[in-house]
Amino acid sequence: MKVPILSELKSRGESPEYLFWIGCAGSFDDRSKKVTKAFIKILNKANISYAILGKEESCTGDPAKRSGNEFLFQMKAISNIEILNSYDIKNVITTCPHCFNTIKNEYPDLGGNYNVIHHTTFINNLIKDNKITISGGFYKGKKITYHDPCYLGRANGIYEAPREVIEKLDAELVEMKSCKSKSLCCGAGGAQMFKEPEKGNEDINIKRSEEAIKTDSKIVAVSCPFCNTMMSDGMTSKQKDIDVLDIAQMIEKAEDL
Amino acid sequence: MISILPNIIFTFLLIISVGFFSLNIRKLIKVIKLGKAVDRFDNPSKRLSNMIMIALGQSKMVNKPISGILHLIVYIGFIIINIEVLEIIIDGITGSHRFFSKIFNTYIYNFLIASFEILALLVLISVIVFWSRRNIVKIKRFLSAEMKGWPKFDADNILYFEVILMLLFLSMNATDLILQERNYDNYYSAGSFPISTFLVPLFDSLSTSSVYYLERIFWWSHIIGIFFFLNYLYYSKHLHILLAFPNTYFANMEDKGKFNVLESVKNEVLLMFYPEKASQNNQNIDKFGASDVLDLNWVQLMNAYSCTECGRCSSECPANMTGKKLSPRKIMMDTRDRLEKVSKNIAKNKGKFIDDGDRLLDNYISKEELWACTSCNACVEACPINIDPLSIIMDMRQYLIMEESSAHPDLNNMMNNIENNGAPWPYNQQDRELWIQET
């Protein structure tokens with residue numbers, strides 16, 4: 001796979017229109033690496049001018065901030081902003097709602113002002129602008145439910161873009177008991193991803209997975225690497241043969257990219 | 001001779017009750033102002049429209065349709081019936097009887113009184129349903145651990161109060177109607193009584209003078225009840241009927257995912273990276289985060305007084321619904337309880353807080369509660385008046401990490417990784433491109 005690295009492009013005097021911010025999960029987590037690749041295939045197919053930071057990318061600081069470590073967050077943020085500004089980045093696309101939220105909402109106060117786009121919005125716009133076409137068929141009539149990530153939905157009010165993409169795939173979108181602004185968290189936010197849950201009588205991802213199972217869907221569509229992990233683990237422990245797929249992976253499969 | 005003694009007594013009671021109430025409200029404002037500064041004065045037109053939609057228009061209440069509609073009835077009843085209270089006050093001061101009947105034409109006055117009565121009945125029914133939901137149906141969110149003792153007593157008190165006030169109002173009208181029919185003294189025919197007319201048989205067999213005394217007892221009890229209820233507000237969760245308005249006006253209007261960038265930390269970090277950009281005269285560095293109520297900002301403190309303990313936040317909280325200790329409602333109740341104690345301490349010590357060996361963290365809100373939060377914003381979204389429990393949780397987490405270095409142990413690993421490898425997991429930053437080669 002050929003992926004343009006920003007520093008190499010710059011040395012050739014090229015400046016891409018978009019920076020694809022991969023995120024830690026997208027770089028290191030096995031499930032999320034598949035999402036990264038799927039989205040890269042979509043970018044290539046649509047002939048988008050983009051690059052990634054590669055070795056220059058680092059954590060946005062989100063898990064540190066949500067844990068309460070404002071120092072570490074700001075240190076990460078300021079050094080990331082320094083790199084982004086040195087490349088004169090205008091547009092950032094990310095497949096992670098946590099990176100999306102942090103760069104979009106919390107970097108401006110520290111001197112980082114970018115147009116930040118979540119990949120579900122980006123894909124939806126590509127389809128609308130006919131930059132990629134969806135032939136449909138692959139998911140025709142299949143029941144698919146969509147799990148809203150907190151940091152895309154409630155945190156930033158993006159509920160429709162991912163749903164519009166699913167509908168364009170000719171799938172039958174079914175909603176869970178709690179959805180959109182009332183959606184139930186997967187359990188990973190607020191740095192919970194990196195710790196054992198506190199004592200309780202159930203794990204949050206199991207509760208959410210049960211809601212998904214009740215919709216009788218064949219696929220749970222997600223748009224966040226942490227939700228992806230939590231829902232996949234939930235399905236495994238419920239021993240359900242339900243695929244948990246990111247919106248980008250669904251396009252990849254439908255279009256055989 | 002018409003004695004003016006009742007008018008003097010009435011005016012005296014009015015002044016006492018309104019005076020005591022204003023005194024408490026002034027105290028309340030002073031306590032809220034103990035909070036740290038936060039700028040919530042921008043964009044007044046959007047703030048006003050939020051307040052009109054959410055507080056006045058109750059737009060978020062109807063997210064739960066049953067309690068939403070019942071609440072709407074009680075709320076409209078409360079506002080409309082206040083017109084009648086105004087008439088009662090004028091009558092009380094001047095000695096007139098049904099003053100508005102003299103200034104409005106008969107049809108309007110009849111319409112007003114009839115609509116007050118219908119609303120009073122609807123309020124009565126709603127309040128009985130509310131009571132049943134708490135005491136018979138036993139809806140889960142009203143029975144949580146934090147709802148034992150005073151909160152439960154307070155919630156029931158309010159409902160009993162409303163029942164008593166509505167019954168007194170209708171009985172007052174019923175006896176008035178009898179006196180009107182009997183052409184007693186200045187009880188000339190005024191008003192239309194579609195509901196209290198059904199109560200007439202209860203009193204109709206009594207002598208006119210008995211009915212007259214009963215009417216006076218109902219009239220006085222009703223208005224004294226209102227004076228008492230007014231002054232009960234300050235001590236009760238029922239303060240929300242007033243504070244819902246400023247609370248929605250001053251609520252956070254940014255995207256819910258945007259958490260404040262802490263200015264005190266920003267300066268420290270700038271000193272490390274760009275000393276030329278940092279403020280040099282930053283002598284009194286604040287404590288980082290919050291361990292007690294005086295570390296919170298005034299909107300968070302106002303939030304605590306505005307909370308009416310409905311528990312919609314906690315019933316939507318993923319941690320709470322899976323049996324964790326965290327309850328966003330309890331965060332707000334604890335903040336108010338602690339603030340009450342701190343403000344009494346300050347009042348006693350002539351404006352200065354003397355350490356009482358107590359604090360919000362640990363003694364009210366445990367670390368376990370704080371670490372259970374997923375920062376999902378469900379509680380903020382669920383609150384009918386835009387209270388933000390999450391902001392308090394985050395401020396307290398900041399204190400835990402930056403002042404006490406008592407992070408959850410798992411999180412220490414994650415933060416070490418971020419610091420050393422630029423990722424929450426132990427992978428090297430130099431390996432960030434490895435996925436490209438993998439098939």
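User: Hi! Which strands of chain A does helix α11 lie across?
Analyst: Helix α11 (residues 247-254) of chain A lies across β7 and β8 of chain A, and runs at about 95° to β8(A). Helices here are DSSP runs of H or I with at least four residues, strands are runs of E with at least two, and both are numbered from the N terminus. Axes are lines fitted to C-alpha atoms, for helices over the stretch in contact, and angles run from 0 to 180 degrees between N-to-C directions.

User: And what kind of model is this?
Analyst: This is a predicted model, where local features need pLDDT of at least 70, side-chain atom pairs count only at pLDDT 80 or more, and totals for chains, interfaces and linings use all residues. Residues are numbered from 1 along each chain as its sequence is written, while chains are lettered from A and ligands numbered from 1 in the order in which they are written.

User: Thanks. What's the strand order in the sheet?
Analyst: The open sheet has four strands in the order β6-β5-β7-β8 (chain A), with parallel pairing. Two strands pair if DSSP finds at least two bridges between them. At the edges are β6 (172-174) and β8 (243-246) of chain A, each pairing on one side only. On average, neighbouring strands of this sheet are turned by 35° against each other, direction ignored.

User: How many bridges join β7 to β8?
Analyst: Four bridges join β7 (residues 219-222) of chain A to β8(A). In one of these pairings, A:Val220 has A:Val244 in β8(A) as its bridge partner.

User: Which strands does helix α8 touch?
Analyst: Helix α8 (residues 160-168) of chain A touches β5 (143-146), β6 and β7 of chain A, and its direction makes about 170° with that of β5(A). Contact between two residues means that their C-beta atoms, placed from the backbone, lie within 7 Å.

User: Back to α11. At what angle does α3 pack on it?
Analyst: Helix α3 (residues 30-45) of chain A packs with α11(A) at about 55°, with the axes 8 Å apart. That makes α3(A) oblique to α11(A); angles under 35 degrees count as roughly parallel, over 145 as roughly antiparallel, 65 to 115 as roughly perpendicular and the rest as oblique.

User: Which residues meet there?
Analyst: From α3(A), they include A:Phe39 and A:Ile42, and from α11(A), A:Ala248 and A:Ile251 are among them.

User: Last topic: how many residues does each chain bring to the contact between A and B?
Analyst: Chain A gives 57 residues and chain B gives 56 residues. On the side of chain A that touches chain B, the largest share, seven residues, comes from α5(A).
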